[in-house]
Amino acid sequence: MKENINILAIESSCDDTCASVISNGNILANIIAGQEVHREYGGVVPELASRAHQQNIIPVVHQALKLAKIRKEVLSAIAFTKGPGLLGSLLVGGSFAKSFALGLNIPLIEVNHMEAHVMAHFIKENNQGNCPNFPFLCLTVSGGHTQIVLVSDYLKMEVIGKTKDDAAGEAFDKAAKILGLPYPGGPIIDKNAKKGNPKAFKFPNPTVPDFDYSFSGLKTSFLYFIRDKTKEDPSFIENNIQDICASYQQKIVEVLVEKLIKAAEKYNIIEIAIAGGVAANSCLRNVIEKEKQARNWNIYFPKFEYCTDNAAMIAIVGHYKFLNHEFTDQSVTSSARYV
Ligand code: KG4
Ligand code: ZN
């Protein structure tokens, strides 16, 4: 009888401490400990994040193994996020993974966080999942990254477009900060936008060639817009919050989808996957749904808990790398830019 492949995966690239257990490609546990400490700062404070990871890592791993009913002695390997991300945060998960693998004398598997967001589409529970067919395009939109990825096989992918500056999630978070809304801003802008008019205010289109993105100009124009309007009327934000959110969100989504359509046309692909925290955005989902009808696309969104940062996506990469015997040794180091 073939032995089970049981992998413990750790994710700690930003402000969530995450552990997951995968057995023969099925997720048995997916534990996420968020960090409330950043809320009042309007963004993640790196030093506070790494300290919170240190506090959370052992309880989170313990909880994942307990929920999965997997004893550490039957683990086949430990997978962890090597990067990209905040170095101090990555080091906590990376050091834990290295020590645990060494202590158990089992292989260690390094994972690229961005590859993992794409591979989240292959996560299965009870042998069930809705997986895209190869080749497919994946729009990965998170707080740290915005990419269009051409995926030709498991673990075989090429970034064909990316942001030159801010990520889409960052554009949401920074606008929220300007409006005095708490971090993370995406969900709050989304909620306010639902009752607003997306045509109420106009924001400029970024001009970037090919499949690349840029959101910093949009963010700056938003800052000036709010500054000028509140000079004229100090209650401008309060009185127009829904229209402001709807108009700004609409522009971000328009920009994201326009490049995705261009890429789908150039590569003649109708399998379209969306990943990352911004995949939760209701306007993005609606616009993609419309394009699906118009262009005969097959669209894929992972379950919400697998869109935002999580260790199940690290676990699924770990599973495929284990099958390929792609292990790393104890000399591996965490890397903010993944090199
Ligand atoms: O993937 P993720 O959890 O972390 C990173 O790897 O960055 O993404 C977090 C980002 C944040 O910028 C957050 O504001 C954004 O995803 N986000 C949203 C929504 N939910 C989360 N943005 C727009 N609309 C949402 N509903
Ligand atoms: Zn992420």
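Begin the tour by selecting P135, which is found in the loop between α3 and β6 (136-141); helices (H or I, at least four residues) and strands (E, at least two) are DSSP runs, numbered from the N terminus. A cis peptide bond joins F134 and P135, and its omega is about -10 degrees.

This is a predicted model, in which local features need pLDDT of at least 70 and side-chain atom pairs count only at pLDDT 80 or more, while totals for chains, interfaces and linings use all residues. Residues are numbered from 1 along each chain as its sequence is written, chains are lettered from A and ligands numbered from 1 in the order in which they are written, and side-chain values use heavy atoms, with hydrogens and water left out.

Select P84 next, in the loop between β4 (77-83) and α2 (87-104). The peptide bond from G83 to P84 is cis, with omega near -10 degrees.

Proceed to N268, in the loop between α7 (236-267) and β9 (271-275). Although N268 is not a glycine, its phi is positive, about 55 degrees.

Now select ligand 1. It is surrounded by 21 residues, each with a heavy atom within 4 Å of the ligand. The closest are G143, D173, D190, N281 and D309.

Which residue places a side-chain N or O atom 2.6 Å from an oxygen atom of ligand 1? That residue is D173. Show also the backbone of G169, where an N or O atom lies 3.2 Å from a ligand oxygen, and the backbone of G277, where the corresponding distance is 3.0 Å. The protein covers 90% of the 550 Å² of accessible area that ligand 1 has on its own (Shrake-Rupley method, 1.4 Å probe).

Colour the shell by element: α3 (113-119), α4 (168-178) and α5 (185-193) each give two or more residues to the shell around ligand 1. The largest share, 4 residues, comes from α5.

Then colour by residue type. The shell divides into 6 nonpolar, 12 polar and 3 charged residues; Asp, Glu, Lys and Arg count as charged, Ala, Val, Leu, Ile, Met, Phe, Trp, Tyr, Cys and Pro as nonpolar, and the others, Gly among them, as polar.

Finally, colour by domain, with bounds from an automatic or database domain assignment. Domain 1 (6-123 + 307-323) and domain 2 (136-301) each supply at least three residues to the shell around ligand 1.

Key:
A polar contact is a pair of N or O atoms within 3.5 Å; within protein, one must be able to donate a hydrogen and the other to accept it, and residues adjacent in sequence count only if both atoms are side-chain atoms.
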